[in-house]
Structures are given as structure tokens and as C-alpha cells.
Amino acid sequence: MVTKEEIMKIAILSKLSVEDDEIDKLTEDMAEIISFADTINNAADVESDFDNINNLSNALREDETMPSLDRELILKNAKDSDDGCFMVKNIMK
Amino acid sequence: MKYELVAGFETHVELATNTKIFCSCTTEFGGEPNTHCCPICIGLPGTLPKLNKRVVEYAIRAGLATNCEIAEISKMDRKNYCYPDLPKAYQISQYDKPLCEHGYIQLSNGRKIRILRIHIEEDAGKLVHRRGDTLVDYNRGGVPLIEIVTEPDFRSVDEAKEYVEKLQLIMRYIGVSDCRMQEGSMRCDVNISVRPEGSEKLGTRTEIKNMNSITFIAKAMEYEYGRQVDLIESGEKVVQETLRYDDVTNTTSSMRGKEDANDYRYFRDPDLVTINVPREMVEKIREELPELPEEKKTRYIEELGLPETDAALLTKYRKIAEYYEKASEGTKNPKTAANFIIGQIFRSVETESEKEDFDVNVSAEDLNELIKLLDNGKIRMNLAKSTLDKMLETGKKASELIDESDMGGLDENALAELCKQAVENNPKAVKDYLGGKEKAVKAMVGFVMKNSRGKADAALAEQKIIEIIKNNS
């Protein structure tokens, strides 16, 4: 069973704001999703944990440096920047 | 009531690879902010991470050097938390299939500190808090780390200190990290709880995060132990929380914010394929492991006959051990090089980092040359010692500093002549010697040494002098 408290916790972790009148509906939806996932779990082969669709493994890269990207391009999509750094609201309270 | 300390360590060690764990950006320390970045390590959509082969090799090396079992199959997982030091809002790490498990490090008191696991992961970026803002530099983001997690096996601060020193030394010996704590390439989190002595049940633990000096670790542990004991004694409870240690006030304080959401919702990273570790690869890495510090120390004591304190001093830094081995190569007595290094060369290295680099004015080859001159009887110990001091001062070789005329000792005739003079000039010593005072001969040997400016062979001179006295009497 999914509780309203769990829905609120997930909302906080996911940084989503949830209105009071949405909670019931979300709780219902989440319960359905989880029961669907349970069906998959019951069908799954335990060994398949390590498989991916192409059964690939060890896609490894040699330890050789390549040029990094220009800082201008790195910061191009930043909402705000200063002194060559990304700038965000102070997260220390 | 007496309380026992119980602690466990989580140590992050930055791997000395050229490139980051999932992209080809450099891992070099420093550099202008955000100049060691690319679309992969700043987490742009549509990019795919690709694992650095050397990270896997180094982690296995670290695992083997700490007696771990190496997994046959391993994988990468996402650890989700929302904080600006992670551009993707998750850190790629390992959850339930770490590369290494079930190892240990043995302490000098015989106790084994069990290593639960060693896993690989990416480092986060660096945050600088400034007035109302936070600045983010992702140069460090994506630098490869191993996290070494122990069981709660520590029972004292001294054990913790020894463990950190040992771990640091092992990682340096096997070349996977420089472990410079002040630069953050080795950082420790410590879990601490206390319980009444004799109790089996673990108390509530707190975690002190991100300490970067052995002194601070010791002080923080002592403080936290005292704080928890005080709480319990006064009838209060220890709250499970994450703490930060302040080295200025020597106190710990609660660290909220980042740890509020300690529900990491781990799941497999679908962008990274399974890591298969063939046994041949593990065996190859095992064969290539260098001699570890503990083994080296034992060999120095048992095979070379060095005193334990000397062996400990010479093996405490990898470069010093390398230097010693080169300097003593092919010499008659392994103690000679050890004495020169500990007695004279150590004076020129003071700080930890100087010892670590061991970049001294006399090369190991030059010291080796000096010792061989001594071994071959070309120079005497007194001259060797003063020459080494000159070498340290000037950086010149022994052969450049020692005059040809000082080498080769004295020929037999010159020695005989000096011994004759010694006997003639010391009638009292001769009388004492004949009267049974065997030590009196030393005064005459001293005369020979002084008048040959240290070139004479003292043992030979002694024989000769006794011979002359016996012939005269």
C-alpha cells in the first residue's frame, strides 16, 4: 500500500510541488504503477540483472587525455555565471 | 562507567589516472575553473559515459593490496541526490556489486581491520560559497575515486591513526594515488559510536564527514567520543546524524541540507554496460603488484639485518625505500647505506611532503659510489662522513670531492714508518701496554690516524704497532 506520507516524501525528493487536492489521485496512480512493476518483478529472471539488451560488457576506454571543451561553451547554457564558474543561489542556509 | 569507542571508516582516494572516469578530460589538480570539462562530465543530455580501463585496474590493485576478493561481475549504479556539486543530479557509483569485497588491513597490535568493500565512483564538483551565491567548478567532477569502507572494527583513536597511515602508504606504494590529504586526494568519513565496556550491542552512531588530515581525524574522534559519553551519562540520547568537524574550535556540529534526503534511490546506470573481470586479468595484476610496505619492512629486518626502527624509517615512504635500495645495491653491508641515509641525509628533509618526494641533493647512485669507495678501503669512515656532508651541500659526487692523494690509503712503508714513530713518541703507552693494559695501544693508533689524516687503516695500524712493541721488548 502506498501512503500519502510516502507520496509527499517522494515529491520532496523529486523537488516537485504537490497541491493538497492532488495527493489522493497521485497516491492511487502510484499504487497502480507499483503493482504493475511487481508483475514485472515476478516474471523477471534473477540472472537478468546483469544483462542489457545487447548483452554487451566491458566497453572500456584507454586512459588518454583529449582536449576539454572551451569554457565559453561549457558555460553557454548556464542560467548565471561569474568568475568562470556556474552560479547558483547559495545553498548554505 | 567505562565506555568503549567503536568506529568505522569510509575513505575516498582519488586515483592517479590521466583522465576522468567517464570522459577524456584531464584529472590534473588546479587549473582555471571549468577548463577541464566536456559535455560528458557536465552531464549534458545526449552524452554517454565510457568507463576508463585504468580505473578498473587501479581499483583491483587497491583491492589485492588490501587482501580483498575481486568480483567476477560488477556494474555501475546511479546514486540520486540533488545538489549543485553534481551536474546530473546523480553520482555514478557502485551499489550492490562493488569491484572488491572482504579484505583487511592488519595493525601492529595484531588486530585486523576488515574491509567491507572498495568501489569505484566519480568525484563531485567544487562549490565556493560567496555572499548570496554559490559558485560551481566542475574540474574535479568526474575525477575517479575509490571508496574504501571498513567494518566498525576500530576500538581506539590510535588504531584509526595507524590505519589511515597504513592505507595511505599502501596506496602510494602500489602507485594508484598520491594520497595528499591536504589537496583532498584522500578524505575520510568516520562513523563513531560508544557503548559500555563489555557490551556487545552497538550504540547509536554519528558520522563525521570529509576530514583531510590525520591530526584532525584524531582530534575529531576524541571530541566526538567525549561528547557522546557526556550525553549518555547525563541521561540524554545520541542522535544519528552527519557532523562536520571544525578544526578551529575543535568541535563537531550538525551538517544539514545535503544529507536531508539520504534516500538515494540507487538503480543501475543503464548507460554503462556490465564489467566482467576475467580471472587472468586479476592474476596478472596480482603478479605485477610491487612489494608492499609491510613485506618490505620484514625483509629489511630478516634478510638485511636492519634494526626494526631503521627498517620502519626506510619503508615509511616509497621513494625513500627506492632510494635506499639503489644506494645499497652491491655494497658489502646493508647497514652502511641505512646509517648514511638516516644519520645524515634525513637532516635535509623535514616536512611530510619533502620526505614523500625525497628529492635530495645527493642521488642514490652518488651515495652508492661513496659507499663502494669505503667498501674497497679507498677511504675511511671519517672521511666518508665528512664527504657526504659536502656532497649534500654542493650536490657534487664523492669522486669530485675527494682528492686523489686522499684515496688509496697508505702504502705499507708509510704505515710502518708512522707506527714506528707512534711507538717511539708514546713511551708511557708502551709501558702500560706491556703492563697488561691492552687499551693503551689505542692511543698509538690515534697517533697514526692523526698523522695520516685519517687515511690509515686503524685495524692494520693496531696489528703493526703490537708487532713493533713485541719485537722491541
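**Exercise 1. Determine how many residues each chain gives to the contact between chains A and B, and which elements of chain B take part.**

Step 1. The contact draws on 39 residues of chain B and 32 residues of chain A, where two residues are in contact if their C-beta atoms, placed from the backbone, lie within 7 Å. The model is predicted: local features need pLDDT of at least 70 and side-chain atom pairs count only at pLDDT 80 or more, whereas totals for chains, interfaces and linings use all residues. Residues are numbered from 1 along each chain as its sequence is written, and chains are lettered from A and ligands numbered from 1 in the order in which they are written.

Step 2. On the side of chain B that touches chain A, at least two residues each come from β2 (51–52), α1 (53–65), β10 (133–137) and β17 (275–276) of chain B. Helices (H or I, at least four residues) and strands (E, at least two) are DSSP runs, numbered from the N terminus. The most is given by β10(B), with five residues.

Step 3. Strand β3 (residues 85–89) of chain A and β10(B) run antiparallel and are joined by four bridges; strands pair if DSSP finds at least two bridges between them. Here A:Lys89 stands opposite B:Asp133.

**Exercise 2. State the strand order of the nine-stranded open sheet in chain B and locate the helices that lie across strands of chain B.**

Step 1. The order is β3-β7-β8-β11-β1-β12-β13-β14-β15 (chain B), with mixed pairing. The edge strands, each pairing on one side only, are β3 (69–70) and β15 (251–254) of chain B.

Step 2. Six bridges connect the antiparallel strands β7 (residues 100–106) and β8 (residues 112–122) of chain B, and B:Glu101 stands opposite B:Arg117 in β8(B).

Step 3. Helix α1(B) lies across β3, β7, β8 and β11 (144–150) of chain B, at about 175 degrees to β8(B). Axes are lines fitted to C-alpha atoms, for helices over the stretch in contact, and angles run from 0 to 180 degrees between N-to-C directions. Helix α2 (residues 157–173) of chain B runs at about 20 degrees to β1(B).

**Exercise 3. Identify the members of the largest nonpolar core that touch the most other members.**

Step 1. A nonpolar core is a set of buried Ala, Val, Leu, Ile, Met, Phe, Trp, Tyr and Cys residues joined through C-beta atoms within 7 Å; buried means that 20 or more other C-beta atoms lie within 10 Å of the residue's own.

Step 2. Among its 73 residues, these are B:Ala59, B:Ala62, B:Leu99, B:Ile118 and B:Ile146. The largest share, eight residues, comes from α1(B).

Key. A residue is buried if 20 or more other C-beta atoms lie within 10 Å of its own, exposed if 12 or fewer, and partly exposed in between; C-beta atoms are placed from the backbone.
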